Amino acid sequence: MMKILLCGGGNAIHVLSSYCSSRDDTHVTVLSLFPGEADKLRDAIPDEGIRCINDLGDDVYGKPNAIISKAEDVPKDLDIVVFALPSFTHEMYLKALKPYLKPGVTIGAMPGEGGFDLCAIHNLGSEFCRHSNLFALETLPWACRIEEYGKKVEVLGTKKEVEVIVSPKHGTTKNEVVTEVLHKLVGRLPELDPADNFLAVTLMNINSVWHPTISYGFYRKRDVTVPFDEPPLFYYGADEYTGEKLSLISDEVLEVKRVLLGKYPSLHLDSLHHVSEWMLRSYGDDIGDKTSIYTMLRTNKGYRGLTHPMREVPVDGQTKYLPNFRYRYFTEDLPMGLVVTRGIAELAGVKTPHMDDVILWCQEMLDKEYLVDGELKGKDLESTRAPQRYGFKDLDTFMKVNHYLDDDAPTKAVENHVSSFATKGETPAQ
């Protein structure tokens, strides 16, 4: 019997709860630390379980064995822990679960926004993570939407392929078993393609490039205090400037790749591509005009009708719309995404003027401070997953401490990093 812990309570957890609980060989627990959410979900689920309307076949029904609100109530000897919740909550869950997890568990995120491994190592400890399996999917396996809370969820579309990184526990080689287990959780599709390593997944975080940059491109010359009559289109509303900006930022990421490979020839970053190639691989014939990123954004069937995140405001008795800068496009994809990439670029000595344009504008909209005078040293850096937030100041230490070079031997850099953090009374990122 496989003991599964699902963390969260939103769209993806509804799908996973239905899929996993429908199997005879699983014991499924859902944990939500959000006040009142566990009780709400438990009360809403009918005896037959959550109905998942499946785009690839028959509907699936499944009911979790338990829905809890305290980490201390998780089952003993868990086999797998899945985070399907906003990335800014990962640290809270890791800290809450740490006393109740045993080395050897498989733990990961869907999706694993930039720096998930840094966050896990920082909170669970290097030894724990080296003797357990960490995994991350680059994105959710499907587009899904709750139709009726606790009762019905619809899979709108299952992706053809999704990259996944599995960092196997110490002493093992590539762990195919973990990938097989993940397929049991998400279904036979999408294909789970192995990414090179966590660093490649972090740098290939498409949401971190897409969402902040498209938002910046759309609003850069607009007064964001003037309401819209209706929510503007997100992808279909992008202009040529935005398409070019996306390309230039992706070029900066690939320059980071070039520098890293030049310095560390054994490093594998083959799964890190330009965003234009990602679009073609992900959506293929769904794109009507493949001339440029601009035309691909505006002719991709998968993006049709999707709008900017907005909030309703009353104006003269009518409903108008203002930008919602508290949406995950900003609260996740910036501090857990683009800022992380910017931090790696800073360690690698790569200039990123186009990335900086987007970060500076977005942090102003969020009333946050990450990037100051060309360096990641702002007052809100602690709320990010940038390497600098964990005390990394040089590239060699960052690469070795996080095992991106597959070097198990202790190094002077690792010893120095751990020592420097210990003297500050902080938890070492080792």
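Trainee: In what order do the eight strands of the open sheet run, and what is the pairing?
Mentor: First, a caution: this is a predicted model. The order is β5-β2-β1-β6-β7-β8-β11-β12, and the pairing is mixed. From one strand to the next, the twist averages 25°.

Trainee: What makes β5 and β12 edge strands?
Mentor: Each has a single partner strand, so one side of each lacks a neighbour in the sheet. β5 covers 66–68 and β12 covers 191–194.

Trainee: How do you know that β1 and β6 pair?
Mentor: Two strands pair if DSSP finds at least two bridges between them. Strand β1 (residues 2–7) and strand β6 (residues 80–83) have four bridges, in the parallel sense. The pair therefore meets the definition. Ile 4, for instance, has Ile 80 in β6 as its bridge partner.

Trainee: Which strands does helix α2 lie across?
Mentor: Helix α2 (residues 37–44) lies across β2 and β5. Its angle to β5 is about 155°.

Trainee: Why is Arg 389 called buried?
Mentor: Buried means under 20% relative accessible area. Arg 389 has 9%, so the label holds. This residue sits in the loop between β16 (375–376) and α15 (395–401).

Trainee: What does the side chain of Arg 389 reach at 3.4 Å?
Mentor: The backbone oxygen of Thr 384. The side chain of Arg 389 also makes a polar contact of 3.2 Å with that of Glu 91. Both residues belong to a network of salt bridges that also links Lys 95 and Glu 382.

Trainee: What makes Asp 47 and Lys 63 a salt bridge?
Mentor: The cut-off is 4 Å between a side-chain nitrogen of Lys or Arg and a carboxyl oxygen of Asp or Glu. Here the closest N and O atoms are 3.8 Å apart, so the pair qualifies. Asp 47 is in the loop between α2 and β3, Lys 63 in the loop between β4 and β5, so the bridge ties together parts 16 residues apart in sequence.

Trainee: Where do Asp 356 and Arg 342 lie, and are they buried or exposed?
Mentor: Their side chains meet in a salt bridge at 2.7 Å, N to O. Asp 356 is in helix α14 and Arg 342 in helix α13, 14 residues apart. Both are buried.

Trainee: What makes helix α4 mostly covered?
Mentor: Nine of its nine residues are buried. Among them are Asp 117, His 122 and Asn 123. Gly 125 follows, with a positive phi near 95°.

Trainee: Which residues have the most contacts inside the largest nonpolar core?
Mentor: Phe 83 and Trp 210, in a core of 98 residues. Helix α13 gives the most to this core, with eight residues. Trp 210 touches residues including Tyr 235, Trp 278 and Tyr 303.

Notes
Residues numbered from 1 in each chain as written. Predicted model: local features only at pLDDT ≥ 70, side-chain atom pairs only at ≥ 80, totals over all residues. Heavy atoms only, no water. Core = buried A, V, L, I, M, F, W, Y, C linked by side-chain atoms within 4.5 Å. Buried < 20%, exposed > 50% of the residue type's maximum accessible area, 1.4 Å probe, protein only. Helix = DSSP H or I, 4+ residues; strand = E, 2+ residues; numbered from the N terminus. Contact = heavy atoms within 4.5 Å. Axes fitted to C-alpha atoms, helices over the stretch in contact; angles between N-to-C directions. Polar contact = N/O pair within 3.5 Å; in protein donor to acceptor, adjacent residues only side chain to side chain. Lists of a residue's contacts leave out its neighbours within four places in sequence.
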